[in-house]
Amino acid sequence: MLLAAFTSTGPREVPPDATLLSLLLQRDVSAFEQLYDRHARLVYGLVLRILQQASTSEEVVQDVFLQLWRNADQYDASRGPFVPWLCTMARNRALDHLRLKSERQRRREDLPEELPTIVVAPEYEKALDEKRRAERVRALMASLTPQQKKAIELAYFEGLSHSEIAATLKEPLGTVKSWIRNGLLRLKEGLQATT
Amino acid sequence: MKNCDQFRELIEAYALGALDPQERAALEAHLATGCVDCAKAVEEARWLVTQLAYTAPEAAPSDMLKGRLMQTVRAEAQSLGKPRVMPTKSAIPFWLWAGVAALLVFSIYSAWNTRRLNNEIRDANNRAASLRDEREKAEQELVLAKREAMILMDPSSVKIALKSGDAQGPQLEAKWHSEWGVVVMGENIPMPSPHHVLQLWFIPKEAGKMPMPSMMIRPDANGKFVLLVSDPPESMDATKALAISEEPEGGSPWPTNPPRYSGGVS
């Protein structure tokens, strides 16, 4: 029997996120652990980039994964992929912290417990693994002009509006709007071209 | 869908969360009309924005975080009473059954107690969050009221009379402080038509530049309103005039009607 156990250790099949999420509905702790191990680096990296502080970032990541554990039933795998949904939840949480921390007036009407909308992958998008997806987006982002990149980063990672970005960069509002729109359209074209 | 073009250029920034409140309200009002093309474009833009998460460098959280999480998750899984596999053979002495029964009763009691405590903690947190929100709201209102008073009292604020297009109509007044913003006040203002609002515009000095949309106004039952614009879209030096026009509910990115009231910034 021991020999049989040794001889059966071929490459183990890695369950997809959707399978683990369906196990999560049955309160499967092991499925939760696998999801955490698979995505914690991406989620923590994103939150840390927004908050710039390790201890607060860990608090937010803990909230995000506990919310996943407690509300897994609110994610419907048939409507869209899991990772964008998880990252949107993490970004919303981190930006809420950032705004509370700086005592700025909260612009979002989202309640803290509200979960993000599931985003449908567009037709041009095809399945890529997370590593290739990350490499592709980083390369495209690096191809933008420094102004486009900066304006998009201020909006995405700091949650600033057009007016706030214009004030931060001391540039006209219309110019900032163009940087953001043209930059995102260029990213979109790049994504379409590389899939 | 004749208005789609004017909203298309807002969609990427909307998905990014970068639109200022007026533009966001205008776009959401348009989406609420059920425009399928714009809804599809928003969906695509949202996908695009989710991809930006990959531009953050990945980082490893501490092992302690995983430890804390797994401890909580295991405790919650246990408190919710996962089904357990019981031995099927009956060769178990009575005293062991009694022990198991006692353990079961204790487990049920512990689970019930844990759930009760969790509920109490959650209720207390909810109450605290609600009180905190109310306090924050009251503080924000106080800050805004103070700012309005400062703008109105400060001698360096510039007074702007907004005259009605109708000679018999009411006259509005605005005061603009270069640092603190603009306060616009009016009395006896007729209500806008159904499904319409009054919207404030900043008209730039620069030739050919479009009026900048600002906040929406809804007079009270007595036709009175006080509006604070703490972050005007243009500076005073760059603004030729202020104007108020009637616009569709939710506001508009640019004027669709002639101004009801206007006044030059001297």
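Two residues are taken to be in contact if their C-beta atoms, placed from the backbone, lie within 7 Å. Helices (H or I, at least four residues) and strands (E, at least two) are DSSP runs, numbered from the N terminus. The model is predicted: local features need pLDDT of at least 70, side-chain atom pairs count only at pLDDT 80 or more, and totals for chains, interfaces and linings use all residues. Residues are numbered from 1 along each chain as its sequence is written, while chains are lettered from A and ligands numbered from 1 in the order in which they are written.

In chain B, eight strands make up an open antiparallel sheet, in the order E5-E4-E7-E8-E1-E2-E3-E6; strands pair if DSSP finds at least two bridges between them. Strands E5 (212-217) and E6 (225-229) of chain B are at the edges with a single partner strand each, so one side of each has no neighbour in the sheet.

Within this sheet, E1 (residues 158-164) and E2 (residues 172-177) of chain B pair in the antiparallel sense over five bridges. Lys159(B) stands opposite Lys175(B) in E2(B). Helix H6 (residues 94-153) of chain B lies across E2, E3 (181-186) and E6 of chain B, at about 85° to E3(B); axes are lines fitted to C-alpha atoms, for helices over the stretch in contact, and angles run from 0 to 180 degrees between N-to-C directions.

The contact between the chains takes 40 residues from chain B and 48 residues from chain A. On the chain B side, helices H2 (11-16), H4 (36-51) and H5 (63-79) are the elements giving two or more residues, and H5(B) provides the largest share, nine residues.
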